[in-house]
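Hi,

Here's the structure I promised to pass along.

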Amino acid sequence: MRGVDSPSARAMVEDTMTLNLPFRGSRLVPMTHVCVVASLAASCGGFDSSKDSVPGLQGSGSEMRLNEVSNGFGRILPHLIRDPGTNQFISIRSLADVSNYVMRGNPIEPTPSFPAEAIEPDSSVGNHYIYASFTQPIDPASVLAGGSQGSGLSGPVSVTTINSGTGAALGAAGRAFVGGKTFVRSTTGGPPELQEWVRFDEDLGILVANPDVPEAASFPGVGSSLPNARTLVADSTILFVADADENLATPEMFAEGVTLRFRATTALRSALGEPLLDQVLASTTVGADELTPELVRTPPPGERPLITPGNGDIEVDPETEIRFNFTESVQPYSLGEVFGQGPATTSSAVRITFGPEIGVTTMPVTVLPVSPYDLSTY
């Protein structure tokens, strides 16, 4: 969001916000990456007029974009919304889709959560997992943390949990794979080694575990009938499996009572060297979503709302865009007038003020996420 044309402008955003609830199940969930833009400002970025097409899947090969994020029980990204003209569901794959379709009376559809038990989508006992499929292959070394404890991910991709009540954010415990491969500790004391655990047998049409890796038999879909089995081990898929005890053979759930977030930034590069075109943030929960979206806070001791510029900052450049970061995806219209749907207005959820203390002015705003795949940042 841009401030006003005044060298002494003071940008202030209220710490407490009134937002629609998340959209998991029957409730609404805040979305990731949104830009709040004042009426004097330009838009957060250009629009892509595509609807349900993905350039990398349509023969464009020059761009890497998200195909989907799923937990196996349903697709989390791209978000779905009805086209009022046809009453058919379409996938939100551009900011133009947000402006054209997301509005009061036509909210984004609920996203799937995990069941509160350690099962796979076909109801067999197994580990929870979440995966992101892209339009180009991924170099495993660019995103997998070789042989380390913890998430098994590094760099531009992360899976975290965040407690909206306390603001505590932690790396989710699990093992990450790209193309059915993961890094393991070397038995000779050397550097971590990339090891194939599972492959898709084209003749049999099933996943086949590496017989030299006992744990591989507990890889999602091995010995069961998951419809997306081939996708789980594709070279363009990043898979993250719940695994707190570093033993995939022990069925595990992701943590309850927190928001699980899969995030990929535009620093992600494909194996062909192409950057990810749009930032990705997928959020979900284990069990019914009873969490409310909150502003992300900076680490202790500051613990301030993650707003840029910050509350109370002075001499804010009039061309500065103000961004808000939430713990989960939110319905864009719950923050204010969606960019492209009408003139900027004041909002009951967000208040932007400027000027001297004796003459504070409240600015009208419009809102837009920074990415069609990240509705947690505006």
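To start with, is phenylalanine 177 buried or exposed? Phenylalanine 177 is buried, with a relative accessible area of 0%. Keep in mind that this is a predicted model, so every value here is computed from it.

Phenylalanine 219 is buried too, at a relative accessible area of 1%. These two rings form an aromatic pair: phenylalanine 177 and phenylalanine 219 sit edge-to-face, 5.0 Å centre to centre, with 85° between the planes. Phenylalanine 177 belongs to strand 10 (residues 174-178), while phenylalanine 219 is in the loop between strand 14 (206-209) and helix 3 (229-232), so the pair ties together parts that are 42 residues apart in sequence.

That's one of the aromatic pairs, and the count comes to six. Another one is phenylalanine 114 with phenylalanine 254, again edge-to-face, at 5.4 Å centre to centre and 65° between the planes. Here phenylalanine 114 comes from the loop between helix 1 (95-101) and strand 7 (129-134), and phenylalanine 254 from the loop between strand 15 (237-242) and strand 16 (259-264), so this pair ties together parts 140 residues apart in sequence. Phenylalanine 114 is buried, with a relative accessible area of 1%, and phenylalanine 254 is buried at 4%.

One last thing to look for in the viewer: ring pairs link Phe114 and Phe254 with Phe73 and Phe240 into a cluster.

Cheers

Conventions: Residues are numbered from 1 along each chain as its sequence is written. This is a predicted model: local features need pLDDT of at least 70, side-chain atom pairs count only at pLDDT 80 or more; totals for chains, interfaces and linings use all residues. Side-chain values use heavy atoms; hydrogens and water are left out. Rings of Phe, Tyr and Trp (its six-membered ring) pair if their centres lie within 6.5 Å; planes under 30 degrees apart count as stacked, over 60 as edge-to-face and the rest as tilted. Helices (H or I, at least four residues) and strands (E, at least two) are DSSP runs, numbered from the N terminus. Buried means under 20% relative accessible area, exposed over 50%, partly exposed in between (1.4 Å probe, protein chains only).
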